[in-house]
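Biologist: Before we discuss this fold, could we look at the chain together?

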Amino acid sequence: MRVIFSGNEAVARGAFEAGVTVATGYPGTPSTEILENFISYPGVYGEWAPNEKVALEVGFGASMAGARVLVTMKHVGLNVAADPLLTLSYVGVNGGLVIVTADDPGMHSSQNEQDNRFYARFAKIPLIEPSDSQEAKDFLKEAFLISEKYDTPVLYRLTTRVAHTRSPVSLGEREEAVPLREFKRNIPKYVMLPANARKRHQEVEARREQLATYAESSPLNKIISGDQETGIIASGIAYHYAREVLGDNASYLKLGITYPLPLELLKKFVQKVKRLFVIEELEPFLEEQLKVAGFSVVGKEVFPRTGELNPELVGRGVMGNSPFEIYFRPPGSLPLRPPLMCPGCPHRGVFYVLRKLRAIVTGDIGCYTLGAMPPFEAMDACLCMGASVGASLGMEKARGKDFARKVVAVIGDSTFIHSGLTGLIDLVYNQGTGTVVILDNRTTAMTGHQDHPATGFTLKKVATKKFNFAEVARALGVEHVFEVDPYDLKSLEEVLRSELAREELSVVIASRPCILISREQQFQTIAANPQKCQGCKKCLQLGCPALSFAGDYPVIDENICQNCTLCFQLCPQGAIKVGKEDE
């Protein structure tokens, strides 16, 4: 049976067919859909973990207990999971364990575009890169065999184009015969005391050599013969770009295993061609290894080191021109559309007040990072998941408590659970006096509304114990904890103004469901009265896409207005009212 799958759907299917029974991860574009699709299959368990480190630790436990396990995350998530990953390389597996890292060349939805292939070399574990949906499914099944045969976790790298592009996939049957492996107590293998770790390190080095030998004959690496004037070494989506441009006018070494490299296979390929190009997105990961091994290759001299590749860039790099230029040049007539908070977004009022109070805001990763955009421009820093809370304490320690009265850390509900919690512990422990605002919209909104411990539901929408921000903050030792409605501008401003003045630590929980999952305001309507408007345009300071000015008076687009009433609360002339003007 053949179906059209995205790469993420194909990975989920591959895990099911491979007999995976446990999958865990943290949502992050472009990896999120893998777990959401995996749990649709019968007889499997899948969960959202609070962060990627916990996900990998759960995966380790399930593997040690004998199950085949899939762990998913986006590229920056592997930084969070790096601590267990590096030691998991020493520990190895019992049931097969594959870690998906979904890299984001071009930073479509990320704060950096790191190349996670280096993590495979750093951890000395095999790296597999599929180039389309069929391979995303098939290679994953091979990855579990490699994991169990060589006693190693496997890093499985997708990029955005492979994860989200849809292409035909031939389905197979689930390997129901894969038994749960026996758990055997093995302290030298599973307990990394220094004496045990030193011995395991020797085994890791021996395993690396065995994997290099395997890569020489693996079906995941193959030579595709064509014109021998030009040779192409590529993996992932870069291989398809090269094929699209060059077709049979080149020969290819297509690598499915990109660490460790099959050097003998490479020598065999190099002998067949006159010119040799290495085509890869982002860093010269393959190119550097080949040059160290003595191969003469052309790579980043002609291909960009930043952003996504495409057929036009590949054509220009190899041939000096490209037949695809016209197809990949964006039309010049399209207007630029900067990202905006949604109409009715509960974060909008918070950033309006923070700007009004001239607060110095340390921000975090989520929809609310848009608070840095006009008209608010109410965010002064954003580093990584969970960093806002620690950064606020750092500013206080550098510049004193008077300065801290201006500093507010803002962090989303899912992000707070991910890694903001430890920052708050640090604030309490090291006597911080700033203000932390938890923007609780009761979902992981930016990645598509995934549940987390504070929503009260699991990945499968089963009701569970609900994390309570206020109770946790008080339990950690925060004495001043407030819960406010971000749609109530007056109360919100009063609380924030008061807590910024206080020389003690405060936590303010601005709680209101994401407008895309809640329509509880729909019974209201908002209307503008041109006769009362004096043209002050104060309402435009909210940056709401539903509100504009036609000449000298405001116009509210009823098609997208979510009736949050913020503009109504802000209008000093009462020109905006709840309910239609004739009501």
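Biologist: How far apart are the end C-alpha atoms of helix 17 (residues 387-399)?
Modeller: The expected span of a helix is 1.5 Å times one less than its number of residues, and helices here are DSSP runs (H or I, at least four residues), just as strands are runs of E of at least two, both numbered from the N terminus. Because helix 17 has 13 residues, its span should be 18 Å, and the C-alpha atoms at its ends agree with that, lying apart by 18 Å.

Biologist: What kind of model is this?
Modeller: Residues are numbered from 1 along each chain as its sequence is written, and side-chain values use heavy atoms, leaving out hydrogens and water. Local features need pLDDT of at least 70 and side-chain atom pairs count only at pLDDT 80 or more, while totals for chains, interfaces and linings use all residues, this being a predicted model.

Biologist: Which residue just after helix 17 takes a positive phi?
Modeller: Within the helix, A387, S388, V389, S392, L393 and E396 are buried (under 20% relative accessible area with a 1.4 Å probe, protein chains only). Just beyond helix 17, a positive phi of about 95° belongs to G400.

Biologist: In strand 7, which residue is the bridge partner of V100?
Modeller: The open sheet has 7 strands in the order 3-2-4-5-7-6-12, with mixed pairing (pairing needs at least two DSSP bridges), and strand 3 (45-48) and strand 12 (257-259) are its edges. Strand 5 (residues 97-103) and strand 7 (residues 154-159) run parallel over 6 bridges. In strand 7, V100 has as its bridge partner Y156.

Definitions and conventions:
Buried < 20%, exposed > 50% of the residue type's maximum accessible area, 1.4 Å probe, protein only.
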